[in-house]
Amino acid sequence: MELIDKKRFEQLFVHQYPRLLQLAKVLIRNDEESKDVVSDLFAQIGAGKVQLPDNNVERYLATAVRNRCINWLKKMHMRNRVEQLLLIEYKVQSLSSFTEEERKWKHVLSLVGSHLTVQTARVFRLRYQEHKKYGEISKILGINEAAVYKHIAQAIKKLSEQLKTEEDECG
C-alpha cells in the first residue's frame, strides 16, 4: 500500500482526530480505549496499511472508527461472557482434583464426545485435558481467540445442561 503524504497526514490528524475521538467516546464510553481506537486508525494510515479514498475522507474515517468501536464492543461483550463463565470453568477444572470428583470428571469427559460438536469437543479437550491457554488453542486449531471463547462457552453450557438433566432425573 502507498504511504500517505506527511503534510496531508498531519492536516488530517489535526482536523479529524478530535472529532473522531469524540465519536469513539460516545460509542464505547471509555476514554482510554477511544484514544487507542482512533490512534490505531491513524497509525495504520501513517504506515500505509489503510488506503484513504480520494473523496469523502471524513465520512470514511468516521465509518472506520465506528466499525472499530463495534469490533471493540463485540470483543468486550465476549470477554464479559467469558469472565462470567470463569466460575463455571473453575468448577470444571476443580473436578479433576479429588477422588469422587475424579469420577465426576470422567463422566463429564464421556459426555464431551456425545453432546458437543467435533470442534467444540476439540477445544474443550485442549483446554481441560491438555491445559492449553486460549491463545495456544487458537493457534493449534487455526481459529481466532473469540471462536475459542465461544466454543468453551458452548461446551460449558451444554455440559452443564446435560449434568443438570441427569441430576434432575436421579432425583
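Reader: Is F13 buried, exposed or partly exposed?

Author: Burial is read from relative accessible area: under 20% is buried, over 50% is exposed, and in between is partly exposed, with a 1.4 Å probe and protein chains only. F13 has a relative accessible area of 33%, so F13 is partly exposed. A note on the source: this is a predicted model, in which local features need pLDDT of at least 70 and side-chain atom pairs count only at pLDDT 80 or more, while totals for chains, interfaces and linings use all residues. Residues are numbered from 1 along each chain as its sequence is written, and side-chain values use heavy atoms, with hydrogens and water left out.

Reader: How many helices and strands are there in the protein?

Author: Helices (H or I, at least four residues) and strands (E, at least two) are DSSP runs, numbered from the N terminus. The protein has 7 helices and 0 strands, and its pattern along the sequence is α-α-α-α-α-α-α. Of its 171 residues, 34% are buried.

Reader: What is the accessible surface of the protein?

Author: Accessible areas come from the Shrake-Rupley method with a 1.4 Å probe; for residues, only the protein chains shown count as cover. Here the accessible surface is about 11300 Å², and carbon and sulfur atoms hold 51% of it.

Reader: Which residues have the most contacts inside the largest nonpolar core?

Author: A nonpolar core is a set of buried Ala, Val, Leu, Ile, Met, Phe, Trp, Tyr and Cys residues joined through side-chain atoms within 4.5 Å. The largest one has 22 residues, and I45, L61 and V65 have the most contacts inside it. Two or more residues of this core come from each of α1 (6-28), α2 (31-46) and α3 (57-94). The most come from α3, which gives 8 residues. Apart from this core lies another, of 20 residues, including Y134, I137, V148 and L159.

Reader: What does I45 touch, beyond residues up to four places away in sequence?

Author: Contact means heavy atoms within 4.5 Å. With those neighbours set aside, I45 touches I4, F9, V50, L52 and L61. Across the protein, 59% of the contacts with a separation of 6 or more are between residues 24 or more positions apart.

Reader: How many aromatic pairs does a search of the whole structure find?

Author: Rings of Phe, Tyr and Trp (its six-membered ring) pair if their centres lie within 6.5 Å; planes under 30 degrees apart count as stacked, over 60 as edge-to-face and the rest as tilted. The search finds 7 aromatic pairs. One of them is the stacked pair of F9 and F13, with 6.5 Å centre to centre and 25° between the planes. F9 and F13 are separated by about one helical turn because they are 4 residues apart in helix α1. Ring pairs also link F9, F13, Y17 and F42 into a cluster.

Reader: Over which rings does the charged end of R127 sit?

Author: A charge sits over a ring if NZ of Lys or CZ of Arg is within 6 Å of the ring centre and within 35 degrees of the ring normal. The charged end of R127 sits over the ring of Y128, 5.9 Å from its centre. The charged end of R127 also sits over the ring of Y134, at 5.0 Å from the centre.

Reader: Which residues of α6 are buried?

Author: They are Y134, I137, S138 and L141. The buried residues of α6 line one face of the helix because, seen down the axis, they fall within an arc of 105°; the arc is that of the directions from the helix axis to the C-beta atoms. S138 lies in α6, residues 134-141, and counts as buried at 12% relative accessibility. Just after α6, G142 has a positive phi of about 70°.

Reader: Where is R29, which has a positive phi although it is not a glycine?

Author: R29 is in the loop between α1 and α2, and its phi is about 55°. With a relative accessible area of 76%, R29 is exposed. H131, in the loop between α5 and α6, likewise has a positive phi, near 55°, without being glycine. H131 counts as exposed at 56% relative accessibility.
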